[in-house]
Amino acid sequence: MAGDINHVVIVGRLTRDAELKYTNTGMALTKLGIAVNRRMKQGDQWVDEANFFDATLWGKRGESLNQYLSRGQQVAIDGELRQDRWEKDGVKNSRVTIHVNDIQLLGSKNSDRSSSMNNSGGGE
């Protein structure tokens, strides 16, 4: 029997500047917000519906890319879903975030959507 699969690949734009923090042990933690548009038909016209996701990038990669991860920047993220669980005031809470394994910068935050999609450069 095959094992479970947990793999996410998305391309979207950052909704805020990256937030670089450090754990008590000194490990770098970069938090990202990303918006991904889903195109759907409503009546006779096509509209974009925005979906918003939180993502976390650990280690030196997040430290070095932090200065480039600003609001509006288009990125490609490859990772896996993680469910964070905690209890506060006796209430159990949870949220699903993307644990980033790989991230690539695409286009620029100032380029429009069509020119970003045609831009094959970007990298780190």
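Leaving aside neighbours within four places in sequence, which residues is V75 in contact with? Contact here means heavy atoms within 4.5 Å. V75 touches I10, V11, G12, L14, I34, L69, I103, Q104, L105 and L106.

Some ground rules. This is a predicted model, where local features need pLDDT of at least 70, side-chain atom pairs count only at pLDDT 80 or more, and totals for chains, interfaces and linings use all residues. Residues are numbered from 1 along each chain as its sequence is written, and side-chain values use heavy atoms, with hydrogens and water left out.

The elements run β-β-β-β-α-β-β-α from the N terminus. They are DSSP runs, helices being H or I of at least four residues and strands E of at least two, numbered from the N terminus.

V75 also belongs with I10, L32, L69, I77 and I103 as the residues with the most contacts inside the largest nonpolar core, which has 17 residues. Such a core is a set of buried Ala, Val, Leu, Ile, Met, Phe, Trp, Tyr and Cys residues joined through side-chain atoms within 4.5 Å. Buried means under 20% relative accessible area, exposed over 50%, and partly exposed in between, with a 1.4 Å probe and protein chains only. Strand β6 gives the largest share of this core, four residues.

Now the charges. There are seven salt bridges, each a side-chain nitrogen of Lys or Arg within 4 Å of a carboxyl oxygen of Asp or Glu. One of them joins R95 and D84, at 3.9 Å between the closest N and O atoms. R95 is in β6 and D84 in β5, so this pair links parts eleven residues apart in sequence. R95 is partly exposed at 41%, as is D84 at 30%.
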